[in-house]
Amino acid sequence: MAETIELPILKVLVTGANGQLGSELRLLAPYYPTLQFLFTDFEELDITNTVSVDRFCTQFNPDFIINCAAYTAVDKAESDEPNAYKLNAEAPSILAESAKKIDAKLIHISTDYVFDGKAFEPYTEVFPTHPNSIYGKTKLVGEQFVLESEVGMVVRTAWLYSIYGKNFAKTIAQKGKDSSSLRVVFDQVGSPTWANDLAKALVDIVLMGKKGFVPEVFHYSNEGVCSWFDFAHEIVKFYGHDCKIFPILTSEYPTPAKRPPYSVLNKAKIKSVYGVEIPHWRESLINCLKLLTI
């Protein structure tokens, strides 16, 4: 009789589980029987409270923590720096210290906003950071705290969208249906990232176990490059909406927070270290929009 080998179960604590990325991880969870997920949001766990985090981590004793929580209201952060700092900088530090106490590993999600967007080639992980917004500055401090702990990995992403939450793809899909025309900036370029693809990449990293964990910075976004105008055009075209998309300059659409004009991330490192396969943004966009009801 063949011997049955039971694979070890890895416990994974997910914070910010009601957001785009957390929701996609929740969707994937049933397909990974060797991973025991615990999904939390503010109602279950206040990650800005050291005592609460320590108690929670001691009780659940996760092998991995994936921090999807963040203060993502980019424009609001300009006038609400204390709260942005609390969630984007202090909370990751608290999670990292708790992870260290229980010998867990932390995967912290960060952003392209840590760069100023003035580059002319895809940003590598070692490119000097220079955020131009409160959001970017607080996220950068959070990164530094996580890396200093030596138990945390930082995964930067950009232009995240999903069928969940509030995001550009959902907004354009709805406005394209309801409007005869839309004006969208064409002088900001980047790589749209389907949160489902990023979620799968994070699970792949977890499945490598603690021995395969590298506490450094990694970049992940979908392959290819486009402007917000191009992105919007593809969304409207998919649905066949009778809506014209007109390109405008960033200066014609002023916002409180300055956006990076160039947000393309170099993904060579995460592909090399973890063997992650990354789909093209158009392919992933179509797969996402097929699931979106408007």
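This is a predicted model: local features need pLDDT of at least 70, side-chain atom pairs count only at pLDDT 80 or more; totals for chains, interfaces and linings use all residues.
Which hand does the crossing of α2 and α4 have?

**Entry 1: α2 and α4**

I looked up the pair and found that the crossing of α2 and α4 is right-handed. Helix α2 covers residues 50-60 and helix α4 covers residues 81-101. Their axes come within 9 Å and cross at roughly 35 degrees. Next I wanted the residues that meet there. From α2 I listed Thr50, Val53, Asp54 and Cys57, and from α4 I listed Ile94, Leu95, Ser98 and Lys101. Sorted by class, this contact has four nonpolar, two polar and two charged residues.

**Entry 2: a threonine on α2**

I stayed on α2 and picked threonine 58, which sits in that helix. Is threonine 58 buried or exposed? I got a relative accessible area of 55%. The cut-off for exposed is over 50%, so threonine 58 counts as exposed. Its side chain has a polar atom 2.8 Å from the backbone oxygen of aspartate 54.

Helix α5 runs over residues 134-149. At what angle do α4 and α5 pack? I found about 10 degrees, with the axes 8 Å apart. Angles under 35 degrees count as roughly parallel, so that is what I wrote down for α4 and α5. The contact list took up some space on my page. On the α4 side it has Glu81, Ala84, Tyr85, Asn88, Ala89, Pro92, Ser93, Ala96, Glu97 and Lys100. On the α5 side it has Ile134, Tyr135, Thr138, Lys139, Val141, Gly142, Phe145, Val146 and Ser149. By class I noted ten nonpolar, five polar and four charged residues for this contact.

**Entry 3: two positive phi values**

Most residues other than glycine have a negative phi, so I went looking for exceptions. Glutamate 150 is one of them, with phi near 65 degrees. I found glutamate 150 in the loop between α5 and β5, where β5 is 152-157. At 62% relative accessibility, glutamate 150 counts as exposed.

Tryptophan 159 is another non-glycine with a positive phi, about 50 degrees. Tryptophan 159 lies in the loop between β5 and β6. Is tryptophan 159 buried or exposed? Its relative accessible area is 10%, and buried means under 20%, so I put tryptophan 159 down as buried.

I moved on to the loop between β6 (160-161) and α6 (168-178), which is the place of serine 162. Serine 162 has a relative accessible area of 1%, so I marked this residue as buried. Which side chain does the side chain of serine 162 make a polar contact with? I found glutamate 24, at 2.8 Å. Leaving out residues up to four places away in sequence, serine 162 touches Gln20, Glu24, Asn167, Lys170, Trp194, Ala195 and Cys288.

**Entry 4: α6 and α8**

My last pair was α6 with helix α8, which is residues 228-239. Their axes come within 9 Å and cross at roughly 50 degrees, so I noted α6 and α8 as oblique to each other. The crossing is right-handed. α6 brings Phe168, Ala169, Ile172, Ala173 and Gly176 to the contact, and α8 brings Trp228, Phe231, Ala232, Ile235, Val236 and Tyr239. By class this contact has ten nonpolar residues, one polar and no charged.

I finished with threonine 171, also in α6. Its relative accessible area is 30%, so I wrote threonine 171 down as partly exposed. Threonine 171 and glycine 212 are 41 residues apart in sequence, and their C-alpha atoms are 38 Å apart in space.

Notes:
Residues are numbered from 1 along each chain as its sequence is written. Side-chain values use heavy atoms; hydrogens and water are left out. Helices (H or I, at least four residues) and strands (E, at least two) are DSSP runs, numbered from the N terminus. Buried means under 20% relative accessible area, exposed over 50%, partly exposed in between (1.4 Å probe, protein chains only). A polar contact is a pair of N or O atoms within 3.5 Å; within protein, one must be able to donate a hydrogen and the other to accept it, and residues adjacent in sequence count only if both atoms are side-chain atoms. Contact means heavy atoms within 4.5 Å. Axes are lines fitted to C-alpha atoms, for helices over the stretch in contact, and angles run from 0 to 180 degrees between N-to-C directions. Angles under 35 degrees count as roughly parallel, over 145 as roughly antiparallel, 65 to 115 as roughly perpendicular and the rest as oblique. A crossing is left-handed if the near helix is turned anticlockwise from the far one by less than a right angle, and right-handed if clockwise. Ala, Val, Leu, Ile, Met, Phe, Trp, Tyr, Cys and Pro count as nonpolar, Asp, Glu, Lys and Arg as charged, and the others, Gly among them, as polar.
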